[in-house]
Amino acid sequence: MNRKASRRVIARTIAAKLLAEPSQRKHWVAVLAAYLVDANRVDELDLVVNDIAHEFFEQRGELVVDVTSARPLTDQVRNELKQLLKSATAAKNIDLYEKVDPALLGGLIARTPDAQLDVSVKTKLQKLATIK
Amino acid sequence: MSELKVQELSAELRDAIQSLRTTKGLEEAGVVTRVGDGVASIYGLRSAGYNEVLEIETRDGGTVTAFALNLLEDEIGAVILGDDSQVVAGARVTLTGEVIKVPIGPELIGRVVDPLGRPLDGKGPVKTKQRGLLERKAPGVMDRKSVHEPLMTGLVAIDTMTPIGRGQRELIIGDRQTGKTAIAIDTMINQAKQKTGVINVYVAVGQKLSKVAALVERLKREGVMDQTIVVATSPADPAPMLYLAPYAGAAMGEYFRDNGEHALIIYDDLTKHAVAYRQMSLLLRRPPGREAFPGDVFYLHSRLLERAAKLNDELGAGSLTALPIIETQAGDISAYIPTNVISITDGQIFLETNLFYQGIRPAISVGLSVSRVGGAAQTKAVKSVSGGLKLSLAQFRELASFAQFSSDMDAETKQRIERGQRLTEMLKQKQYEPLSIAEQTASIMAATKGAFDEVPTEKIKDAQSDLISLLEDKHGAVMKSLNKGDKPTEEQEKTILEAAGKVAKSFASKKTEKVKE
């Protein structure tokens with residue numbers, strides 16, 4: 001079986017260091033990059049970053065959320081979304097990274113490291129088209 | 001343009017609107033990182049359980065089901081139940097929170113379905129009130145009762161010498177084309193013919209669909225299909241479907257067992273099942289063991305076969321009898337999978353190729369076949385006449401090589417050989433013609449008590465059918481009473497032997513063979 005070091009263990013270690021020594025951020029990022037290049041695991045970059053985000057949430061309650069919406073978010077929607085996410089995940093702090101994609105037709109998709117909230121019209125139409 | 005029924009359209013619209021209204025909220029989602037050969041590697045879904053059903057979103061917006069078999073630290077290995085060509089890396093995956101369930105219940109009787117309960121016979125959707133777990137724990141020791149009721153196969157060779165009881169597991173093992181499925185089919189036909197009320201479940205694991213179609217056709221013709229469920233998978237189905245098929249069949253059979261009824265399940269065959277499981281395990285990168293099978297291939301079959309049981313009276317006294325089939329290569333019953341399954345089952349019926357080609361069909365090897373339940377599950381009628389049968393045949397086999405020197409032997413040896421030849425001939429049976437208890441009892445009684453000793457060996461089968469017709473015509477009451485299963489009275493025995501004598505005389509007078517003195 002493969003003897004690669006576990007991605008989650010790597011993420012946990014790096015995340016711990018980043019949280020413990022915020023001033024050393026550049027150093028630890030360089031260490032992680034060097035490891036990935038050396039171990040030929042650069043294609044796992046997105047997954048490692050996601051695991052680190054998960055660790056940030058586990059250890060500090062800081063939730064990183066990618067929100068893609070059909071139209072720019074209004075303040076009201078933004079606040080409601082934050083409320084919903086806070087109650088669903090018990091996070092202490094929520095960071096929204098917003099993106100606009102008209103292809104969604106309406107609504108939004110919010111992605112956390114472990115879960116997603118999909119209330120886009122595009123997905124609803126897809127589900128409607130494929131009901132048996 | 002097909003007709004649109006307004007009510008159906010309205011109902012469909014209502015369902016669609018309902019599914020749009022229910023938003024799932026924040027739900028756990030993972031992503032497919034790698035997919036190929038029916039296995040998807042999934043990132044995320046940290047709370048996925050073993051064997052949990054997952055839904056993978058496909059390119060065209062639909063979903064395909066998979067279940068999680070490898071829970072590794074960084075990823076989940078899931079086998080895809082269906083077409084993996086629509087799954088791409090980057091696809092979203094969600095949990096369902098459930099393990100696999102299949103429809104169970106009497107609504108399945110008469111249907112041909114796939115392991116997930118989807119219909120294959122074009123008779124419309126399968127709607128059952130209940131769904132049962134595919135993987136279930138077998139009943140414990142205290143929930144069981146010892147096997148004491150017979151399951152008549154209708155095949156004289158089996159019912160006399162290796163009798164099967166309700167709740168037993170009897171393995172049918174032999175090379176290819178030796179008549180393994182034929183025994184299973186005849187057993188199913190007999191349940192309908194003798195109106196035993198036993199529900200048949202036939203699980204085709206990786207069998208040619210043409211073979212399954214022919215089998216269903218034959219069952220329909222014999223009037224058995226209305227007490228049979230067929231679970232079919234073809235060699236073209238993905239390996240996970242072949243892996244699930246026997247368990248699905250077991251779940252369907254267990255419904256009857258747990259509700260005080262009796263069911264018979266045939267797994268045709270478990271060799272293909274083990275091969276499909278090996279394929280899945282190797283693709284999941286599990287370490288290969290002997291013959292490249294994974295380490296838990298014994299558990300694969302043991303947990304399946306333990307579900308066939310006889311329950312105690314408190315639980316309804318129902319039963320599930322299993323007839324697993326294993327195909328050997330060149331008669332090697334000491335290979336890996338055959339020895340595994342032999343050690344699990346309560347006996348085996350061993351079919352030999354050379355017996356088959358000698359014309360002895362069913363090609364059952366009397367010496368190597370055994371039933372570990374034996375007499376406890378035999379009808380008293382058949383038991384009373386089969387006592388000397390196995391011994392006579394064993395003695396015959398010992399002396400078989402001397403048969404060509406019949407002129408040089410003492411009378412006793414000659415008698416043993418001639419009796420053995422007649423018994424062997426009597427045990428031959430045509431396919432699709434299972435015999436009732438009375439017919440079996442009468443035939444074997446006539447042969448073992450010497451009534452047919454003067455009939456030429458090649459005419460024994462004709463003598464048998466003449467005897468049976470004579471008894472049905474003139475002594476119908478005796479046959480009816482024997483069919484109840486009780487030991488024949490002296491009166492009845494006399495009647496049968498008298499009739500046998502009459503039949504034998506009619507053949508002796510037509511004898512063309514030179515009498516050997």
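Which residues of helix 11 of chain B are buried? The report below answers this and then turns to other parts of the structure.

## Basis of the model

The model is predicted: local features need pLDDT of at least 70, side-chain atom pairs count only at pLDDT 80 or more, and totals for chains, interfaces and linings use all residues. Residues are numbered from 1 along each chain as its sequence is written, while chains are lettered from A and ligands numbered from 1 in the order in which they are written.

## Helix 11 of chain B

The buried residues of this helix are Ile417(B), Arg419(B), Gly420(B), Arg422(B), Leu423(B), Thr424(B), Glu425(B), Met426(B) and Leu427(B). A residue is buried if 20 or more other C-beta atoms lie within 10 Å of its own, exposed if 12 or fewer, and partly exposed in between, with C-beta atoms placed from the backbone. Helices (H or I, at least four residues) and strands (E, at least two) are DSSP runs, numbered from the N terminus.

The buried residues of helix 11 pack against helix 2 (156–161), helix 10 (380–399), helix 12 (437–448) and helix 13 (460–474) of chain B. Helix 11 covers residues 411–427, and its 17 residues should span 24 Å at 1.5 Å a residue; the end C-alpha atoms are 24 Å apart, which agrees. The expected span is 1.5 Å times one less than the number of residues.

## Chain B as a whole

Chain B contains 15 helices and 16 strands. Its C-alpha trace spans about 90 × 55 × 50 Å along its principal axes. Of its 517 residues, 46% count as buried.

Two residues are in contact if their C-beta atoms, placed from the backbone, lie within 7 Å. Among the contacts in chain B with a separation of 6 or more, 73% are between residues 24 or more positions apart.

## Where the chains meet

In chain B, 17 residues are in contact with 19 residues of chain A. Helix 1 (6–21) and strand 1 (27–36) of chain B each supply at least two residues of the side that touches chain A.

Strand 1 of chain B also pairs with strand 4 (residues 115–118) of chain A, in the antiparallel sense and over two bridges; pairing requires that DSSP finds at least two bridges between the strands. Within strand 1 of chain B, Glu28(B) is the bridge partner of Ala115(A).

## Helix 3 of chain A

Helix 3 of chain A (residues 45–60) has 16 residues and reaches 22 Å from its first C-alpha to its last, close to the 22 Å expected at 1.5 Å a residue. Its buried residues include Val48(A), Ile52(A) and Phe56(A). Helix 1 (7–20) and strand 1 (62–69) of chain A are included in what covers the buried residues of helix 3. Gly61(A), whose phi is positive, near 70°, follows the helix.
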